[in-house]
Amino acid sequence: MSISFDRALGIHEQALGFRAQRAEVLANNIANADTPHYKARDLDFASVLAEQTGKSQRGPVDLNRTDSRHIAAEGMSSGNASLVYRNPMHASIDQNTVDLQIEQSSYAENAIDFQASFTFLNSKFKGLIGALRGE
């Protein structure tokens with residue numbers, strides 16, 4: 001009997017990846033706080049969760065190449081639909097939509113959520129190791 005990590009970990013593995021990706025987006029916003037015309041972006045967790053749930057229900061999608069000269073689409077994405085622009089609370093003279101306080105608080109909240117997901121996955125792995133050892 002084999003162990004399916006997808007079944008054992010559920011959506012939590014993807015949630016951890018999402019949190020890491022969101023940290024990158026928020027850090028990019030903070031780094032560009034003084035860049036004129038920069039538009040702040042963020043990831044929407046609800047849309048990512050719905051997308052991952054839909055993928056798990058539909059199964060993997062196979063792409064067919066109609067010509068041997070076509071480039072394989074493995075690992076390539078056409079963009080992230082869950083990456084949205086943030087609406088500014090106050091108008092900026094240079095058209096920059098980054099509010100540094102909001103970005104920093106979002107980054108801190110995301111770091112806490114990342115740590116919680118990581119702790120949860122760590123406990124899942126400890127449980128699996130205990131089951132394998134017969135404890």
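## Ser 117 and its contacts

Apart from neighbours within four places in sequence, Ser 117 is in contact with Ala 15 and Leu 16. The model is predicted. Ser 117 belongs to helix H4. Its relative accessibility is 15%, so Ser 117 counts as buried, the cut-off being under 20%.

## Helix H4

H4 covers residues 100–133. At 1.5 Å a residue, its 34 residues should span 50 Å. The end C-alpha atoms of H4 are 49 Å apart, which agrees.

Ser 117 is one of the buried residues of H4; the others are Glu 103, Ser 106, Asn 110, Leu 121, Leu 128 and Gly 130. Gly 134 follows the helix, with a positive phi near 80°.

## Packing of H2 on H4

Two packed helices are described by the angle between their axes and the distance between the axes. For H2 (residues 12–31) and H4, the angle is about 160° and the axes lie 9 Å apart. The two helices are therefore roughly antiparallel to each other, since the angle is over 145 degrees. The crossing of H2 past H4 is left-handed.

H2 brings His 12, Glu 13, Ala 15, Leu 16, Arg 19, Ala 20, Arg 22, Ala 23, Leu 26, Ala 27, Asn 29 and Ile 30 to the contact. On the H4 side, the contact residues include Ser 117, along with Tyr 107, Phe 114, Phe 118, Phe 120 and Leu 121. Glu 103, Gln 104, Asn 110 and Asp 113 are also among them. By class, the H2–H4 contact has 13 nonpolar, six polar and five charged residues.

Key:
Residues numbered from 1 in each chain as written. Predicted model: local features only at pLDDT ≥ 70, side-chain atom pairs only at ≥ 80, totals over all residues. Heavy atoms only, no water. Axes fitted to C-alpha atoms, helices over the stretch in contact; angles between N-to-C directions. Helix = DSSP H or I, 4+ residues; strand = E, 2+ residues; numbered from the N terminus. Parallel < 35°, antiparallel > 145°, perpendicular 65-115°, else oblique. Left-handed = near helix turned anticlockwise from the far one by under 90°. Contact = heavy atoms within 4.5 Å. Nonpolar A, V, L, I, M, F, W, Y, C, P; charged D, E, K, R; others polar. Expected span 1.5 Å × (residues − 1). Buried < 20%, exposed > 50% of the residue type's maximum accessible area, 1.4 Å probe, protein only.
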